[in-house]
Every structure is written in C-alpha cells, then in structure tokens.
Amino acid sequence: MNDRSQAAVEIARIGGALALEYFRRLETLKIEDKGPQDFVSDADRAVEKHVRNLIGAAFPEDGVVGEEYDDKPSTSGFTWVIDPIDGTANFIAGIPAWTVVLAVVHEDRTHIGAIFDPVHEEMYLARRGEGAWLNSKPLAIAKEGSIERGSIGVGFSRRTPHDQTSALIADILARGGVFYRNASGALSLAYVSAGRLVGYIEGHMNAWDCLAGQLLVSEAGGVVEDQSAAEMLSDGGRVIVGNQDVFAVLEAMADTHFNN
C-alpha cells in the first residue's frame, strides 16, 4: 500500500505538470460541452490518458475508474479512481482553482487519497489509519467549531434540483453562516482537511470528485458521512464533511433539503 501511496503522489505531480502546460496555453484548447456548466477539454483527456498509462505501467493488475474513459477492471483488488482535472470550468476560464485527483479503493474502502493543486504547488495526501498531510505537514482540523465562525463549502451540479440547493444556502445564511463555492469539489474538500473551510456539503458527487477528499477530511480528524466506496463508484451520492459540530448541522440540513 505504501508503494501505491508514493506512486499516487508521483503520478499526481506528473499529471499536474502536464495539466499546467495546457493551462499556460489556454488559447490552444479544444473544448466540448457535455451539458450546462459541464465541459471537457483535450487537456482533461490527455492528462487522464497519461495518468492511466502511468498506473498501468506500475500496477498492471489494478483497476482504473476515471471521468473521461471506460473503466478498467481490477484483478488485484485495488482500483484507482481518477479525475484528471477537477474544476474544468475554472481551468478553461483561466481561474487557478482546479486540481488533479487520485484515490485508491480496496475492499469497499478508500485507502489512499491524493489531491494536487499544481498552480499553488500544494500536495494533499491521506492514508487510511495513518493520517493526512499537506506538502508533508500533518493536517489536523479543529474538533469543534460553529457554523457562524467559518465558511461552508457548497457544491452544486445539475444532478441536484436547483431549488434544493437554493433552500440549503438560505438555511446556511439564516444560521449566521456563509457559503463558499469554487467549482472544484475535490479542492474544497481538501480545504476542509486543511481547516480553510469548516465543512462541505453537496447533494450529489461522483466518486472521482469526492473519495480522495473524504479520506483527507477523515484522516485529518474530521467527520465524514459513512458510505460504501463501491456504491459511490456505481451511483455517486451526497457528500457531507466537517468538524464534529458543523457535521451534525449539515447532516440535518441535508436530510431536510436533499430529498432526491
């Protein structure tokens, strides 16, 4: 597992360097619309292909699940879950809030999570049962804290009815909180693990966007809604993380506002 952990960091860095090359020449990008506010570029595809090749060379029996290409089945019991560029809308607009995401799943649990922000040279890493780090510095979020004393990350996609998210945001504001959205769910989850946000909530996320970040928050001492990795890989699901106090509030909000 440690070999995969080290490989995840190295592969994320390599993928991030390639993505950064594309980011520095945005005028050459070819961009396609997958739906409203949902895009894919040749950078996404090139980075995912390169990351898949690196994983395949190092661990040929491991499976791979990614956003842009078909799944590769696992014969080892290990599956890599990758998002080559989380925050594509930011990426193609020249906004420096995007990241490369890798998670390793084994026996229905996420065991490794790596989130790399190449613009700011920030590498987040988590290993189940061992801790979480930002650029090798251990992460430990505050165990307690109220919604009134920090920002709540709020994610949104067309998979959740907009009126539900609007009601959620209104509820956060009514409780004295503020909401934060940077259009990269993985990066927002990483920010929770680093204590920059006190919590994060989204009605539905895909596995490649959230598994690594959920492990980061858990290993940094936060609270994460318990879920099956296999079910998240199959269907996705709602995501709630935070410190002990904030998590309880966000969970109650999710039960109230997300009824799909």
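Which residue is the bridge partner of Glu202 in strand 14? The partner of Glu202 is Val239, a pairing that belongs to one of the close-up views described below, all drawn from a predicted model.

**Figure 1. Overall dimensions and composition of the predicted protein.** The secondary structure comprises eight helices and 14 strands. The C-alpha atoms occupy a box of roughly 50 × 40 × 35 Å along the principal axes. For 260 residues, a compact globule would have a radius of gyration near 18 Å, and the value of 17 Å for the protein agrees with this. Buried residues account for 56% of the 260. Of the contacts between residues at least 6 apart in sequence, 62% connect residues at least 24 apart.

Figure 2. Strands of a sheet pair through backbone hydrogen bonds, in either a parallel or an antiparallel sense.

**Figure 3. Strand 14 and its two pairing partners, strand 12 and strand 13.** Strand 12 (residues 199-205) and strand 14 (residues 237-242) run antiparallel and are joined by five bridges. Within this pairing, Glu202 has Val239 as its bridge partner, and Met205 stands opposite Gly237. Strand 13 also pairs with strand 14 in the antiparallel sense, over two bridges. In strand 14, Val241 is the residue opposite Val224. Strand 14 is mostly covered, with six of its six residues buried.

**Figure 4. The contact of helix 5 with helix 6.** The axes of helix 5 and helix 6 (residues 207-219) come within 8 Å and cross at roughly 0°. The two helices are therefore roughly parallel to each other, since angles under 35 degrees count as such. Helix 5 contributes Gly185, Ala186, Leu189, Ala190, Val192 and Ser193 to the contact, while helix 6 contributes Asp209, Cys210, Gly213, Gln214, Leu216 and Val217. By class, the contact residues of helix 5 and helix 6 divide into seven nonpolar, four polar and one charged.

Figure 5. Glu130 has a relative accessible area of 45% and is partly exposed, because the partly exposed class lies between the limits of under 20% for buried and over 50% for exposed. Along the chain, Glu130 and Ala220 are 90 residues apart, yet their C-alpha atoms are separated by 9.7 Å.

**Figure 6. Strand 3 and its parallel pairing with strand 4.** Four bridges link strand 3 to strand 4 (residues 78-86) in the parallel sense. Val81 of strand 4 is the bridge partner of Val65. From strand 3 (residues 63-66), Gly63 and Val65 point one way, whereas Val64 and Gly66 point the other way. All four of these residues are buried.

Key:
Residues are numbered from 1 along each chain as its sequence is written. This is a predicted model: local features need pLDDT of at least 70, side-chain atom pairs count only at pLDDT 80 or more; totals for chains, interfaces and linings use all residues. Side-chain values use heavy atoms; hydrogens and water are left out. Two strands pair if DSSP finds at least two bridges between them. Buried means under 20% relative accessible area, exposed over 50%, partly exposed in between (1.4 Å probe, protein chains only). Axes are lines fitted to C-alpha atoms, for helices over the stretch in contact, and angles run from 0 to 180 degrees between N-to-C directions. Angles under 35 degrees count as roughly parallel, over 145 as roughly antiparallel, 65 to 115 as roughly perpendicular and the rest as oblique. Contact means heavy atoms within 4.5 Å. Ala, Val, Leu, Ile, Met, Phe, Trp, Tyr, Cys and Pro count as nonpolar, Asp, Glu, Lys and Arg as charged, and the others, Gly among them, as polar. The radius of gyration is taken over C-alpha atoms; the globule rule is 2.2 Å times the number of residues to the power 0.38.
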